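Open your viewer and get ready to select residues by number. Each stop tells you what to pick and what is there.

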Amino acid sequence: MATHLDLEEQEQLDQLKAFWKQYGNLITWVITLVLAGFAAWNGWTWWQRDQAVKAAAMYEELDRAVQAGDADKAGRVFGDLKERYPKTTYTAQAAMQAAKLQYDKGQAEAARASLAWAADNAADDEYRELARLRLAGLQMEAKQFAEAAKTLDAIKLPEFTALQADRRGDMFVLQAKPELARAEYQKAYAAMNSKQDYRRLLEAKLATLGVASADMPASGAAK
């Protein structure tokens with residue numbers, strides 16, 4: 001009986017040796033790749049957290065500069081943020097904050113530059129679109145209408161359609177093109193949810209262009 005068991009064990013051992021000889025290297029490589037991938041994922045996650053923590057600390061410094069009305073310092077901190085942590089949400093927020101303060105302090109060119117960076121580099125689509133809307137407004141104010149048109153054309157997210165059309169309407173008003181302005185305001189009005197208060201401003205804009213309330217287009221958004 002013992003001899004029979006010994007033979008079975010030896011046969012199983014021989015089969016295991018043969019299997020390992022054939023597939024051992026492959027199994028070793030697979031395990032190595034899995035472990036390497038796991039380590040890389042952990043490393044990437046840790047790196048992202050570390051970047052976010054450091055960016056948050058710098059953003060707090062920028063926020064203090066904004067509260068103090070120090071546009072020059074806010075611009076410097078934003079410059080450091082976009083150089084060191086360009087893909088964090090904090091840097092996109094910093095661009096908006098810095099641009100607003102720069103504009104308020106008469107630094108319109110610096111404000112446009114901050115918004116242009118966010119429009120091209122912000123990590124989130126929503127921040128890029130919002131930056132484009134604000135940048136187009138500053139470009140229009142500077143009578144850079146061709147640049148403003150390109151900036152508005154770059155907006156693609158459907159939830160920004162109404163605001164995009166509204167901004168285009170403003171641009172055409174400044175260019176003394178009332179018919180084009182009217183068409184854009186009507187597009188904005190139709191695309192905007194009827195419950196939004198901003199619609200009242202659009203009604204006022206349309207009224208100045210001779211569009212009566214009865215002629216307002218229906219909303220295509222959910223009621």
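In which helix is Leu163 found? Select residues 161–174: this is helix H7, and Leu163 is in it. Keep in mind that you are looking at a predicted model.

**Stop 1: a surface patch.** With Leu163, they form a nonpolar patch on the surface. Together the three have about 230 Å² of accessible area. Leu163 itself has 33% relative accessibility, so it counts as partly exposed.

Stop 2: Move to Ala176, in the loop between H7 and helix H8 (178–191). Its phi is near 60°, a positive value in a residue other than glycine. Is Ala176 buried or exposed? Exposed, because its relative accessibility is 64% and the cut-off is over 50%.

**Stop 3: another loop.** Now pick Lys143, between helix H5 (125–141) and helix H6 (145–153). Here too phi is near 60°, a positive value. Lys143 is exposed, with a relative accessible area of 65%.

**Stop 4: helix H2.** Select residues 71–84. At 1.5 Å a residue, these 14 residues should span 20 Å. The end C-alpha atoms of H2 are 20 Å apart, which agrees.

Which residues of H2 are buried? Colour Ala71, Ala74, Val77, Phe78 and Leu81: they are buried. They cover an arc of only 125° around the axis, so they sit on the same side of H2. An α-helix has 3.6 residues a turn, so residues three or four places apart point the same way.

The face of H2 turned away from its buried side carries Arg76 and Glu83, which are exposed.

Definitions and conventions: Residues numbered from 1 in each chain as written. Predicted model: local features only at pLDDT ≥ 70, side-chain atom pairs only at ≥ 80, totals over all residues. Heavy atoms only, no water. Helix = DSSP H or I, 4+ residues; strand = E, 2+ residues; numbered from the N terminus. Expected span 1.5 Å × (residues − 1). Buried < 20%, exposed > 50% of the residue type's maximum accessible area, 1.4 Å probe, protein only. Arc of directions from axis to C-beta. Patch = residues over 30% accessible without salt bridge, like charges linked within 9 Å, V, L, I, M, F, W, Y side chains within 5 Å. Areas by Shrake-Rupley, 256 points an atom, 1.4 Å probe, with all protein chains shown as cover. Salt bridge = Lys/Arg side-chain N within 4 Å of Asp/Glu carboxyl O.
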